[in-house]
Amino acid sequence: MRIGELSRRTGVNAHQLRYYEAQGLLEADRGANGYREYEESAVLRVKQIRHLLGAGLSSDDIAYLLPCAVGEAPELLGCPELLAAMRSRLRRLDDQMATLAWSRDALTDYIDAAERMGGESYPPFDDAELEPMPV
């Protein structure tokens, strides 16, 4: 099938399909006319890619995981290397979440402190041309 049909059947635009191909996630043959030709299995592969992207995995992670993917959802075979890669990604996500939580707490503390200080504008504006930033 050509890229337009694959796009219609998966709901993924042709630009994204070409990107998946460039990342080594999807394979296409070239017809005599130079058009991309995809096998029927490409429909399942694109659905697997979309699910894995939805889990927050990078295209590099997905390239590593796809050989172990079975089914649309997909299910992943639990080989030790695969589990190590997924656990590493989970640790990175946990670290990012902890950093965001810390930043959120710090910002909340700054807001609370500013609200306790009262309604005076800061810095004081003596120059008529300077105005506080809009809220």
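**View 1. Asp112 in helix 5 of the predicted model.** Asp112 has its place in helix 5, which spans residues 80-117, where helices (H or I, at least four residues) and strands (E, at least two) are DSSP runs numbered from the N terminus. This is a predicted model, in which local features need pLDDT of at least 70 and side-chain atom pairs count only at pLDDT 80 or more, while totals for chains, interfaces and linings use all residues. Residues are numbered from 1 along each chain as its sequence is written, and side-chain values use heavy atoms, with hydrogens and water left out. Asp112 is partly exposed, at a relative accessible area of 33%, since buried means under 20%, exposed over 50% and partly exposed in between (1.4 Å probe, protein chains only).

**View 2. Tyr110 and its nonpolar surface patch.** Tyr110, which also lies in helix 5, is exposed, with a relative accessible area of 63%. Together with Leu107 and Ile111, Tyr110 forms a nonpolar patch on the surface, with about 360 Å² of accessible area in total; the areas come from the Shrake-Rupley method with a 1.4 Å probe, and for residues only the protein chains shown count as cover.

**View 3. The chain as a whole.** The chain holds 5 helices and 4 strands, and from the N terminus on its elements follow the order α-α-β-β-α-α-β-β-α. Of its 135 residues, 22% are buried.

Notes: Patch = residues over 30% accessible without salt bridge, like charges linked within 9 Å, V, L, I, M, F, W, Y side chains within 5 Å. Salt bridge = Lys/Arg side-chain N within 4 Å of Asp/Glu carboxyl O.
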